[in-house]
Amino acid sequence: MAGRFAPRPSRTTVRGGHVAVPGAVPRQAAGPGRVREWVPDGPLDLGLVLGPLRRGPGDPTFRVTPDGSVWRACLTPAGPGTLRVSALGDRVRGQAWGPGAEWLLEGLPELLGAADDPAAFVPRHRLLATTRHRRPGLRLTRSGLVLESLIPSILEQKVTTVEAYRAWRLLVRGFGEPAPGPAPERMHVMPAPRTWALIPSWEWHRAGVDNKRASTILRAVRVAARLEEAVRMEPGAARARLEVVPGIGPWTSAETVQRSHGAADEVTVGDLHLPGIVGWALAGDRDADDSVMLELLEPYAGHRHRAARLILLSGRTPARRAPKMPRWDIGQL
């Protein structure tokens, strides 16, 4: 998850897709790479669409440059790859490098929401109707990569945003390889499953990852191929496969398929903040729990995740309370 109060990015904000993409400015041409151009069938906001894939402002796998381009470093089924996405009027240009370049360009339309159907969403609350009108470029991304979303979601289990982002940043930079091509400085590709499995226990400790989360990641990477197969399943079946792995529950599986599948209906349950935000926005109830949240979202069956994202983007959130979860670093022990 990522925080939700601009300008400081956080888990809820990133999940809501609020990632600022600067206006285009002149930039020196990048090195040669494979290129694909695609024309979306409606408005498209790169920051809203790709924002949920960023894990904090220091994410080594995601970068927004001053020219308005969005860069992603990915471990694809074909190998490491770097993708640069930029808007050119009514067109989108993708440029990719590395062994995974062709795979990244082939999946560019779905990454940018081509498989999503925002027109099927019917707002039943004025807040959602207004937000959709103000954010016409919102589409749900489909990355086609399960582990890429699963591992950082596991790192985010029951810890603060800062702790989760720090762990992801340290582990990817420490054990991933530099992004192929002319990627921005310090961009890295996520480690391969075998590399995750070989990370020493003290490195998990230094990154602030407790044994429970580290063990869950290790169990997941041992069956990485089977988990990646889930991208070809329906979201519900994919979540069921992920939850077979001990330590992966409904919260983690939902956070994963929202990104890997572009699942419009897979709303996150078990979240510390989301039920209160939805309850406050739709019913003025900041103490709403998961059951109340699901009841309020029931009119949006089929698009409950989209409705939740629109609520997060609306800015209608209850006033902050004192933190419920203390921040601590096990690496200091």
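Predicted model: local features only at pLDDT ≥ 70, side-chain atom pairs only at ≥ 80, totals over all residues.

1. The chain has 333 residues, and 52% of them count as buried. Along it you'll find 16 helices and seven strands.

2. Now the surface and the contacts. If you take the contacts with a separation of 6 or more, 68% are between residues 24 or more positions apart.

3. Next, find helix 5 (residues 126-134) and helix 16 (residues 304-314). Their axes are 9 Å apart, and they pack at an angle of about 80°. Angles of 65 to 115 degrees count as roughly perpendicular, so that is the label for helix 5 and helix 16. On the helix 5 side, the contact is made by Leu127, Leu128, Thr131 and Arg132, while helix 16 brings Ala307, Leu310, Ile311, Leu313 and Ser314. Sorted by class, this contact of helix 5 with helix 16 has six nonpolar residues, two polar ones and one charged one.

4. On to charges: the structure holds 15 salt bridges. Take Glu156 and Arg55, whose closest N and O atoms are 3.0 Å apart. Glu156 is in the loop between helix 6 and helix 7, and Arg55 is in the loop between helix 2 and strand 2, so this pair ties together parts 101 residues apart in sequence. Are these two buried or exposed? Glu156 is buried, at a relative accessible area of 4%, and Arg55 is buried too, with a value of 4%.

5. Another pair to click on is Arg84 and Asp67, whose side chains meet in a salt bridge at 2.8 Å, N to O. Arg84 sits in strand 4 and Asp67 in the loop between strand 2 and strand 3, so the parts they tie together are 17 residues apart in sequence. Both Arg84 and Asp67 are buried.

6. Then look at Glu110 and Arg142, a salt bridge with its closest N and O atoms 3.1 Å apart. Glu110 belongs to helix 4 and Arg142 to the loop between helix 5 and helix 6, so parts 32 residues apart in sequence are tied together. Glu110 is partly exposed, with a relative accessible area of 37%; Arg142 also counts as partly exposed, at 22%.

Technical notes:
Residues numbered from 1 in each chain as written. Heavy atoms only, no water. Axes fitted to C-alpha atoms, helices over the stretch in contact; angles between N-to-C directions. Helix = DSSP H or I, 4+ residues; strand = E, 2+ residues; numbered from the N terminus. Parallel < 35°, antiparallel > 145°, perpendicular 65-115°, else oblique. Contact = heavy atoms within 4.5 Å. Nonpolar A, V, L, I, M, F, W, Y, C, P; charged D, E, K, R; others polar. Buried < 20%, exposed > 50% of the residue type's maximum accessible area, 1.4 Å probe, protein only. Salt bridge = Lys/Arg side-chain N within 4 Å of Asp/Glu carboxyl O.
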